[in-house]
Amino acid sequence: MRIKVEDLSYVYSPKTPFEKVALDGVSFTVKEGDTVGIIGSTGSGKSTLCQHFNALIRVTHGKIYVGDVDISSKKTDLTALRKQVGMLFQFPEYQLFDDTVAKDVQFGPLNFGFDREEAARLAAEAIKMVGMDYDEVKDKSPFELSGGEKRRAAIAGVIASKPSVLVLDEPTAGLDPIGKREILELVKELKKSFCKTVIMISHNMDEIAANCNRVIVLHDGKLLYDTTPEELFADPEAVARTDLGYPHSVHIKRLLEAKGVKLDTAALDADSLLEALKRRYCV
Amino acid sequence: MRDITLGQYYPADSFTHKLDPRVKLVLVIAFIVMVFLVKNLIAYAAVILCVVLGTLISRIPISKVLKSIKTIIFLVLFTAVLNLLFYKGDTVLWSWWRISVSLEGILFSIKMALRLILLVMGTTLLTYTTTPTGLTDGMESLMYPLKLIKVPTHDIAVIMSIALRFIPILSEEVDKIMMAQKARGASFDTGGIVKRAKALLPVLIPLFVSAFRRADELALALDARCYNATPNRTRYQIMKPTYRDLIAVAGTAAFIVLVVALNMNFWGAYVPSESLWWLFS
Ligand SMILES: Nc1ncnc2c1ncn2[C@@H]1O[C@H](COP(=O)(O)OP(=O)(O)OP(=O)(O)O)[C@@H](O)[C@H]1O
Ligand SMILES: [Mg+2]
């Protein structure tokens, strides 16, 4: 599913003293199969941008096309759109409400018109996919789960209806390292099956460099860069402008380069850095 | 910052915004009394002038003022129509069954409508120009006499300001939760009343869970900073009347004198001409 954003602007509380321009003339295109990272400092408009993709915030200025559908039009079928574009919020544990995990995960599929049996099947599948033991958790209350488990249950609730685009707002914030890795693994798995296009917001440059094939940098609501991680992290000026810093592996590569060790890699993750070092020293 | 109309505060840099909240509270009470004292139309004109001046000085846009009137317009029209039809006046213009419209009735319903509108305009001027914290602090300070008879005024004020503080937080949370559920296909504006009420459950449960968690955290944070309502607590913001408050008090007092004078035709010193009786009765 291709997503095309044209000259999108958004103002919170317009015409009041609280007026806040959150997005200002943003244009870019996400191709099917892309994993796009959206980065930018706090308050740069990342969440606001992402909430436009499934019309949680309606387009007020500019245009967005999801596939061939113009979602800026008032007549958009919101249910169909939201089934297609799944969205995980910054703190998804807020969305848990039902008395058992299984029922909570079924909430989405039932709303999107699957019958009970089908919804139960989809829920079971999704719970297994996020790495939880279905038989163990299905009758538990979602409020008994630990923070990380809540996060997983919430993700299951989003992917249960098999969206073809997944929008993730800081999916790994507040998780332990293993939990982080598992979520990113899950995203990779999903890309192999039904969900070909992923858009993720993250403050963790390691994650962006290792998982995304494109990055979009926002700054004060404006689009600053629309490029690849290789190019972005190879450009010290760009990194300085966004005040986000380098991924650890790129940082080490730059330290080595300062010592005169030239490496033939963008060093977007530890593995590629290690491989390049091995090649360099013929080990 | 978000626009939460319940707090109503309209930030601006004006004379009225800078007044001591206590002075504003007292002045508003005086204003309410003044509105109830008013009898004749010419005195109403003076009160209208007072409110218009107050609004201009406070730099509140007309649209905001109209918005506050809009909420009571139905009540105003309803009472005006009832007064018009059922007021027993001498100069009957039209009558049918028990209903009669008289000249006095028309005057009376105009006055009642004016009274309601002026009351709302005057009091919203207070809430537009004073932060909720300012209001509760001011009230606490004015409740001082109650403190002497052991009413826990400080606790009441703290409870009030915490409650006010939580309104925008909770409303933000409702927004977030509704968005998350909408993303999972929930819809809150379709179907009959039962269906809509049911659709709110997935919002209310996470809301309560997080509200209780927040309340717990707040209690812990208060404890961790050794908060307790001992007497003689010092304050971060000390309210201190200035020359501005003097001017405001003097101005309002002048208006009250004017209104009372107009009300009584300058203590009978002025005898209105025949054709102007409606202005002075
Ligand atoms: N509901 C709202 N009402 C008013 N202003 C808002 C609202 N939500 C966000 N804003 C403002 O809009 C701007 C962009 O917010 P947004 O949440 O999109 O930032 P973000 O890039 O996601 O930041 P973060 O990294 O902290 O999540 C911020 O300045 C914020 O204060
Ligand atoms: Mg955000």
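The sections below cover the basis of the model, the domains, their interface and the sheet.

## Basis

This is a predicted model, in which local features need pLDDT of at least 70 and side-chain atom pairs count only at pLDDT 80 or more, while totals for chains, interfaces and linings use all residues. Residues are numbered from 1 along each chain as its sequence is written, chains are lettered from A and ligands numbered from 1 in the order in which they are written, and side-chain values use heavy atoms, with hydrogens and water left out.

## Domains

Chain A comprises domain 1 (3-246) and domain 2 (247-283), with bounds from an automatic or database domain assignment. Taken over C-alpha atoms, the centres of domain 1 and domain 2 of chain A are 32 Å apart.

## Interface

Ten residues of domain 1 of chain A contact eight residues of domain 2 of chain A (heavy atoms within 4.5 Å). Between these domains of chain A, about 760 Å² is buried, 65% of it from carbon and sulfur atoms; buried area is the accessible area (1.4 Å probe) that two parts lose on being put together, summed over both.

## Sheet

Strands of chain A form an open sheet of four, ordered E2-E1-E4-E5 with antiparallel pairing; strands are DSSP runs (E, at least two residues) and pair if DSSP finds at least two bridges between them. Strands E2 (20-30) and E5 (69-70) of chain A are at the edges, each with a single partner strand, so one side of each has no neighbour in the sheet.

Strand E4 (residues 61-66) of chain A is joined to antiparallel E5(A) by two bridges. Tyr65(A) has Asp70(A) in E5(A) as its bridge partner.
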